[in-house]
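Reader: Could you take me through this structure, beginning with the overall picture and then going into the details?

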Amino acid sequence: MQAGTAMGNLVSAIGIRAEDAALVAELKAGSEEAFAQLIGQYSQPIYSLIARSLQDPADAADITQDVFIKVFRNIGSFHGDSSLRTWIYRIALHEASNQRRWWKRHKKQEITIDGEFESDEPGESFYLRDTLASQDGSPFDMAIRSEMRARVEAALHEVPESFRTVLILREIEGFAYDEIAEILDINMGTVKSRLMRGRAAMRQALEVREALESEQRAAASKRATEKWLEAAR
């Protein structure tokens with residue numbers, strides 16, 4: 001059974017690489033249709049990756065555009081040593097890193113990122129991929145998911161950069177450990193270590209926000225009770 005699964009994965013990987021090769025050949029030939037296909041396939045995930053990597057997500061659209069300009073200009077240097085997806089993500093993270101450095105020098109004192117948080121019921125758990133992915137549902141379900149998404153996004157930005165990047169690539173984008181190692185140019189052990197520490201940091205950020213939100217709810221409840229008692233006198 002395992003041998004069959006491994007063979008199926010290998011065949012799938014070979015098929016994906018063949019698609020990459022055809023697309024890359026067209027891109028190198030200057031095909032506008034191929035470039036439009038590339039943008040259609042990767043623009044949204046790259047935008048999401050960058051938005052979650054920056055201190056100011058409002059810059060994500062411009063940086064995403066820069067990424068595809070770099071891809072277009074440098075496609076001639078792509079020789080298939082990695083998958084096209086891995087190569088594009090490496091460029092995206094490099095551009096996000098450049099923007100973070102610029103932000104720290106020029107805008108750190110200008111922008112504050114705030115986010116709300118409210119904990120789940122005790123014992124409940126969730127996955128980042130499920131929470132941050134767009135999913136359909138009833139208006140109520142969508143509202144709840146939207147609130148949870150905002151809370152998780154805010155907590156995610158509190159995770160240290162090196163851990164957050166691995167967390168995003170693994171839990172949200174679904175990259176394998178070896179792909180993450182290739183994108184970030186680090187060894188597999190470092191990937192697993194950063195992922196473990198990123199998960200711990202994320203859990204801590206959520207717990208801190210839970211405690212803060214609990215205090216705020218208690219204070220609001222106390223004020224409402226005092227106001228009601230005052231009116232009843």
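**Surface, core and helices**

Author: The protein chain has an accessible surface of about 14500 Å², of which 52% belongs to carbon and sulfur atoms; accessible areas come from the Shrake-Rupley method with a 1.4 Å probe, and for residues only the protein chains shown count as cover. This is a predicted model, in which local features need pLDDT of at least 70 and side-chain atom pairs count only at pLDDT 80 or more, while totals for chains, interfaces and linings use all residues. Residues are numbered from 1 along each chain as its sequence is written, and side-chain values use heavy atoms, with hydrogens and water left out.

Reader: How many helices and strands are there in the protein chain?

Author: The protein chain has nine helices and zero strands, where helices (H or I, at least four residues) and strands (E, at least two) are DSSP runs numbered from the N terminus.

Reader: And what share of the residues is buried?

Author: Of the 233 residues in the protein chain, 35% count as buried, with buried meaning under 20% relative accessible area, exposed over 50%, and partly exposed in between (1.4 Å probe, protein chains only).

Reader: Which residues have the most contacts inside the largest nonpolar core?

Author: They are Leu38, Ile46 and Leu84, in a core of 49 residues; a nonpolar core is a set of buried Ala, Val, Leu, Ile, Met, Phe, Trp, Tyr and Cys residues joined through side-chain atoms within 4.5 Å. Helices that each supply at least two residues of this core include α1 (2-28), α2 (32-53) and α9 (188-232). Leaving aside neighbours within four places in sequence, leucine 38 is in contact (heavy atoms within 4.5 Å) with residues including Phe68, Val71 and Leu84.

Reader: Switching to α8, which residues are buried there?

Author: In α8 (residues 177-184), the buried residues are Ile180, Ala181 and Ile183. Seen down the helix axis, the buried residues of α8 fall within an arc of 165 degrees, so they line one face of the helix; the arc is that of the directions from the helix axis to the C-beta atoms. Just after α8, aspartate 185 takes a positive phi of about 60 degrees.

Reader: What about glutamine 99, buried or exposed?

Author: Glutamine 99, which is found in helix α4 (residues 84-106), counts as buried because its relative accessibility is 14%. The side chains of glutamine 99 and aspartate 59 are joined by a polar contact of 3.1 Å.

Notes: Polar contact = N/O pair within 3.5 Å; in protein donor to acceptor, adjacent residues only side chain to side chain.
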